[in-house]
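User: I have a structure open and would like to go through parts of it with you. Could we take it piece by piece?

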Amino acid sequence: MAGEPQKKQHLSALVGHTNGLTKPTCLAAAAGGRTEGGGRAAGGGAASKKLVIKNFRERPALPDSYTQDTWKKLHEAVRAIQSSTSIKYNLEELYQAVENVCSYNASPTLYKQLRQVCEDHVKAQILQFREDSLDSLLFLKKINKCWQDHCRQMIMIRSIFLFLDRTYVLQNSMLPSIWDMGLELFRNHVISDKLVQNKTIDGILLLIGQERNGEAVDRSLLRSLLSMLSDLQVYKDSFEQRFLEDTHRLYTAEGQRLMQEREVPEYLHHVNKRLEEEADRVVTYLDHSTQKPLVACVERQLLGEHLAAVLQKGFDNLINENRIADLTLLCQLFSRVKGGQQLLLQSWGEYIKNFGTAIVINPEKDKDMVQELLDFKDKMDHIIEVCFQKNEKFINLMKESFETFINKRPNKPAELIAKHVDSKLRAGNKEATDEELERILDKIMIIFRFIHGKDVFEAFYKKDLAKRLLVGKSASVDAEKSMLSKLKHECGAAFTSKLEGMFKDMELSKDIMVHFKQYMQNQSDPGNIDLTVNILTMGYWPTYTPMDVLLPPEMVKLQEVFKTFYLGKHSGRKLQWQTSLGHAVLKAEFKEGKKEFQVSLFQTLVLLMFNEGDEFGFEEIKMATGIEDSELRRTLQSLACGKARVLNKSPKGKDIEDGDKFTFSGDFKHKLFRIKINQIQMKETVEEQASTTERVFQDRQYQIDAAIVRIMKMRKTLSHNLLVSEVYNQLKFPVKPADLKKRIESLIDRDYMERDKENPNQYNYIA
């Protein structure tokens, strides 16, 4: 029992020596229970044990002079940092000293003392900048060094006073952090000084000006100084405004001067170079907030103020010379400026209309009009694709402009497009493969779409198609049918119904000729002439003027045989022979040997005469054949004055005169066995063109009449304006209001409709 109290005391001493820990009651109770009972107390066993840690009851007291001594040490350290000399004390020791001072509520005093020391130092710096002898660059270098030193010093000072910064300053929202305090002091005592600020800004602007003039400058110095202004929050007020004013002045003068001196491509490249330079400045040393106003200023002064002048001076030339790269740049630059794209669109539309009108209006260019239009369209498409990035606005305006200029000259473009298609689809057109021909036809269809008078195209196309089919001059049936399907797709089935009928006639004619050949084999006297006939439905084909000629008896007999055969199968039909479309193959014997001639029916009649005699005069031939005068002259010209001269003419000459004599050329020589003697083509006369156009006009009148009657029959009563509007919607060709009025008057005269008795501006349908 004697050892137990000692054990208890020993335990108590252990618990008591806890460096500020107080002994918990539960622990004491447990200990007591264990000593006395020699075992665990019942209550102690059930309760959980806790260890509570508490601070010292009393903080150790500092010596009276501790704060002053500590500040003296800290002050020395700050002065050493500011004067760039070595610090006597260990940095960790200084940090600990700040922590100790702050722990004893001396933070406010310490902060004020630190601020005062920093302020005194910064104030002293201003004196070095008041010397007038410093030039601009040296001044900037000096202010930059001062700023760099200040930043370095404040980082060091803050690292020593970090505990103060993170406790006292953080808890007082009104106080700036040590770093911000340093910025504030530098701003208030250095940069806010009018002399220093002006000299700094002037120097920076001078350097930027030199760089804009192409001189090399210290960009890192500029970056550092502008970063300083930004950090000190005086960038916008002190620098940016003056910088933008300088920029405005510079580029206003430069834009006006260079627009006078330089050509448009040079000027555009200069503008682009300036924009790239300014963007680079923003990246390298300007604050990013300056980018938007700076770029806007350059765009406005170098581009915005000169948009119309640039377009007027050089846009047409850029397209004429096909300067794709420059046009691309122009489009990119104009899209950056407000209203730029709109002005560019206007110029684009005007250019297309002017250039296209020059092609279409000039009759001297008719020969190459369609090819020029196709080339022009290709060129415009390429510009849209490459320069304008397939912009929908430019595409739509191009279509509108093409439609406008191509219809400034009514009917002629439609006629010439039809003839151009004919030249491409005619046999002997060796310039294109099937794929290329298909591509050419697609391009022609694009031009065709712009034409209002599509019925004019149809009339001329039909006339040319008939020639190709009847003379067998079509390059390819597939190409013909492809073109037909394109027209059908574009204009509807009604537009191509007659053209399709022409193809059907040709196919039916082949079947009829198969049966006719069988029919002829069963005849007692089949004859020695092989006859091929094409049966043409008059409604489908162009109108041909019948020409009566005197045929040899063998031919007349064969015609009658075919007539009997055909009408036997198709009673009630009427056949009319079109001698102007006939052609034949003649066998001839010369001293050199036998030859075959592929000739027209008129040429055949002339040559057959020389079986009856050796020499005939012009008038004799005319009487014997019955061929019309001008047609006979052209026929004789082809036989006696062409490349293959089967007849000799006396006197010699290119033109056929009334007194000329013709003899058969027995000495005729030619390297080929079968020779095609082309008829001298009579150029399409003005009368022929006029008659085709007149037929189109006549057809249009019927269509207008039909449309008016159709509308009136449905509506019964309609005002003049509404009737005109509905007629325009139904018609696919342009009509002048005056012509429309004439058709209405004509229908009133023919009792299809009448004017309302009470309201003369209204029409009533007459059933």
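User: Along strand 1, which side chains point to one face and are buried?

Analyst: Please note first that this is a predicted model. In strand 1, residues 583-590, the side chains alternate. Ala584, Leu586, Ala588 and Phe590 point to one face and are buried.

User: How many bridges join strand 1 to strand 2?

Analyst: Eight bridges join strand 1 to strand 2, residues 593-600, and the two strands run antiparallel. They are connected by a hairpin through two residues.

User: And what stands opposite lysine 587?

Analyst: Glutamate 596 in strand 2 stands opposite lysine 587.

User: What holds strands together in general?

Analyst: Strands of a sheet pair through backbone hydrogen bonds, in either a parallel or an antiparallel way.

User: What is the strand order in the open sheet of three strands?

Analyst: The order is 3-5-4, with antiparallel pairing. Strand 3 (615-617) and strand 4 (647-650) are the edge strands, each pairing on one side only. From one strand to the next, the twist averages 25 degrees.

User: How many bridges join strand 4 to strand 5?

Analyst: Four bridges join strand 4 to strand 5, residues 661-664, and these strands run antiparallel. Within this pair, asparagine 648 stands opposite threonine 663 in strand 5.

User: Which strands does helix 28 lie across?

Analyst: Helix 28, residues 618-625, lies across strand 3 and strand 5. Relative to strand 3, helix 28 runs at about 90 degrees.

User: How far apart are the axes of helix 19 and helix 22?

Analyst: The axes of helix 19 (residues 369-386) and helix 22 (residues 434-449) are 10 Å apart, and the helices pack at an angle of about 95 degrees. Helix 19 is therefore roughly perpendicular to helix 22. Leu373, Leu374, Lys377 and Asp378 in helix 19 meet Lys443, Ile444, Ile446 and Ile447 in helix 22. This contact divides into five nonpolar, no polar and three charged residues.

User: Now some single residues. Why does threonine 200 count as buried?

Analyst: Threonine 200 counts as buried because its relative accessibility is 1%, and buried means under 20%. Threonine 200 lies in helix 11, residues 194-212. Leaving aside neighbours within four places in sequence, threonine 200 is in contact with Phe139, Leu140, Ile143 and Met228.

User: And where is leucine 244?

Analyst: Leucine 244 is in helix 13, residues 235-261. Apart from residues up to four places away in sequence, leucine 244 touches Pro293, Leu294 and Cys297.

User: How far apart are leucine 244 and leucine 294 in space?

Analyst: They are 6.5 Å apart, C-alpha to C-alpha, although 50 residues apart in sequence.

Notes. Residues are numbered from 1 along each chain as its sequence is written. This is a predicted model: local features need pLDDT of at least 70, side-chain atom pairs count only at pLDDT 80 or more; totals for chains, interfaces and linings use all residues. Side-chain values use heavy atoms; hydrogens and water are left out. Axes are lines fitted to C-alpha atoms, for helices over the stretch in contact, and angles run from 0 to 180 degrees between N-to-C directions. Angles under 35 degrees count as roughly parallel, over 145 as roughly antiparallel, 65 to 115 as roughly perpendicular and the rest as oblique. Contact means heavy atoms within 4.5 Å. Ala, Val, Leu, Ile, Met, Phe, Trp, Tyr, Cys and Pro count as nonpolar, Asp, Glu, Lys and Arg as charged, and the others, Gly among them, as polar. Buried means under 20% relative accessible area, exposed over 50%, partly exposed in between (1.4 Å probe, protein chains only). Two strands pair if DSSP finds at least two bridges between them.
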